[in-house]
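User: Got a model here I'd like to go through with you. Can you talk me through it?
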Amino acid sequence: MDSPEAPKTDKNGLLFRMGKNQYVSMEMIEKTEITFMQTRLIRLASEEWHLPVEQIIHLFKEADVLGYIEKCYGIFHCEGDEAVLEDITEFLEGKGIKISA
């Protein structure tokens, strides 16, 4: 009888068991958390800035806000979404995009 293949690890050699024969890397967990944060911030920006979600998504893509969130996730995940949105507003203003709520 063949033994099951050993699960592969991420670059840090870490894997987390999610269920029988189901493993996920720390990298995958972080990518998922970043996606959740990006989604929450899109919705929060839509509510705070009184703009449709579609317009926020377009703005975030054009100004690379999604990349900014990913790059700064290490700091942002320790802050509340409102504080992160304030930082994003400053980021956009630095690019010459004025948001008026």
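User: What kind of model is it, and how are things counted?
Analyst: This is a predicted model; local features need pLDDT of at least 70, side-chain atom pairs count only at pLDDT 80 or more, and totals for chains, interfaces and linings use all residues. Residues are numbered from 1 along each chain as its sequence is written, and side-chain values use heavy atoms, with hydrogens and water left out.

User: How many helices and strands does the chain have?
Analyst: Five helices and two strands. The order along the sequence is β-β-α-α-α-α-α. Helices (H or I, at least four residues) and strands (E, at least two) are DSSP runs, numbered from the N terminus.

User: What share of the residues is buried?
Analyst: Buried residues are 30% of the 101 in the chain. Buried means under 20% relative accessible area, exposed over 50%, and partly exposed in between (1.4 Å probe, protein chains only). The areas come from the Shrake-Rupley method with a 1.4 Å probe, and for residues only the protein chains shown count as cover.

User: Which residues have the most contacts inside the largest nonpolar core?
Analyst: L41, W49, F60, V65, I69, I88 and L92, in a core of 23 residues. Helices α1, α2, α3, α4 (73-76) and α5 (81-94) each supply at least two residues of it. The biggest contribution is from α1, with seven residues. A nonpolar core here is a set of buried Ala, Val, Leu, Ile, Met, Phe, Trp, Tyr and Cys residues joined through side-chain atoms within 4.5 Å.

User: Switching to charges. How many salt bridges does the structure hold?
Analyst: Two. The criterion is a side-chain nitrogen of Lys or Arg within 4 Å of a carboxyl oxygen of Asp or Glu.

User: Which residue pairs with D81?
Analyst: R40, with the closest N and O atoms 2.8 Å apart. D81 lies in helix α5 and R40 in helix α1, so the pair ties together parts that are 41 residues apart in sequence.

User: Is D81 buried or exposed?
Analyst: D81 is buried, because its relative accessible area is 18%. R40 is partly exposed, at 39%.

User: And what does K98 form a salt bridge with?
Analyst: With E93; the closest N and O atoms are 3.4 Å apart. K98 is exposed at 64% relative accessible area. E93 is partly exposed at 37%.

User: Which residues gather in the negative patch?
Analyst: E27, E30, E33 and E70, on the surface. Helix α1 (residues 26-49) gives the largest share, three residues. E27 sits in that helix and is partly exposed, with 33% relative accessibility.

User: What's the patch rule?
Analyst: Patch residues have over 30% relative accessible area and no salt bridge; like charges are joined within 9 Å, nonpolar side chains (Val, Leu, Ile, Met, Phe, Trp, Tyr) within 5 Å. Lys and Arg count as positive, Asp and Glu as negative, while His and the chain ends are not counted. Each charge is placed at NZ of Lys, CZ of Arg, CG of Asp or CD of Glu.

User: Backbone next. What is phi for H50?
Analyst: Near 55°, a positive value in a residue other than glycine. Most residues other than glycine have a negative phi.

User: Where does H50 lie?
Analyst: H50 is in the loop between α1 and α2 (53-62). H50 is exposed, at 63% relative accessibility.

User: And what about the phi of D64?
Analyst: D64 has a positive phi of about 55°, though it is not a glycine. D64 sits in the loop between α2 and α3 (65-71). D64 counts as partly exposed because its relative accessible area is 46%.
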